[in-house]
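Please read this note alongside the sequence and the structure. It takes up a few points in turn.

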Amino acid sequence: MRRSLIPASLGIVLLSACASSSSTNPVEYLDDRTAMTIGSLKEPIELVPSLHQSGLHLLTLGKKASFAYLGPVEWDRSGTIVYGLWVHLAPGNDRAIVDIRSPAAITLILDTGARVLTPIDAPQLGRGAYQPVASWGQTAYFELTAEMLKQMAASEKLELNVRATDDSVVNFEAGGDTRAVLTAYLHARGITGD
């Protein structure tokens, strides 16, 4: 009796391990409307408010914090490849954020330094590379190069500074190490070495 439970238990453990790692695996799909191949992460990377801006302060005021999400996108139209960085802000009621497409609204912070993100117009697809978390949030695409993507994958620090309407800065940081996820994306997209 116990012998038959061992293979079943082992199977459940293996399936759960596969399921947990699959959420970070890159995905690729063909957009029927444009015949463009889109490469993205299965789910965007979640960025949380930095501890020095949130914590007990928001709890004592009864406010909900904003969250940010980002993910790389590769658009491949017959071998012509363009990259973009998808960013979504799910606003809480802590601070009002400017239009994220406005000049110098978002800065990406990596180990190599800060880089102001420049908005771009993404191709009009049948579906987006990622689904917004909050329907009332802001979503935009920003310029991304293969070199910048490599820097993101190598960086221990991955943060977004977003300008608030009062000209202060709201800082979001990755809740964990994002290097493995972004490195897997690089390999899946064939972005290597040089």
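This is a predicted model: local features need pLDDT of at least 70, side-chain atom pairs count only at pLDDT 80 or more; totals for chains, interfaces and linings use all residues.

1. The protein chain has an average pLDDT of 83, and 79% of the residues score at least 70. Residues 1-22 have a pLDDT below 50, and this stretch makes 1 contact in the model beyond near neighbours in sequence. Residues 54-60 also have a pLDDT below 50; there, 5 contacts are found beyond near neighbours in sequence.

2. Helix α3 covers residues 146-154, and α4 covers residues 179-189. Their axes come within 7 Å and cross at roughly 145°. On the α3 side the contact involves L149, K150, M152, A153 and A154, which meet R179, L182, T183, Y185 and L186 in α4. By type, the residues of this contact are 7 nonpolar, 1 polar and 2 charged.

3. T178 sits in the loop that runs between β11 (169-174) and α4. Is T178 buried or exposed? Its relative accessibility is 7%, so T178 counts as buried, the cut-off being under 20%. Leaving aside residues up to four places away in sequence, T178 touches I45 and L158.

4. Q131 belongs to another loop, between β8 (119-120) and β9 (138-144). Q131 is exposed because its relative accessible area is 56%, and exposed means over 50%. In sequence Q131 and E43 are 88 residues apart, while their C-alpha atoms are 8.4 Å apart in space.

Terms used
Residues are numbered from 1 along each chain as its sequence is written. Side-chain values use heavy atoms; hydrogens and water are left out. Helices (H or I, at least four residues) and strands (E, at least two) are DSSP runs, numbered from the N terminus. Buried means under 20% relative accessible area, exposed over 50%, partly exposed in between (1.4 Å probe, protein chains only). Contact means heavy atoms within 4.5 Å. Axes are lines fitted to C-alpha atoms, for helices over the stretch in contact, and angles run from 0 to 180 degrees between N-to-C directions. Ala, Val, Leu, Ile, Met, Phe, Trp, Tyr, Cys and Pro count as nonpolar, Asp, Glu, Lys and Arg as charged, and the others, Gly among them, as polar. pLDDT is the predictor's confidence in each residue, from 0 to 100.
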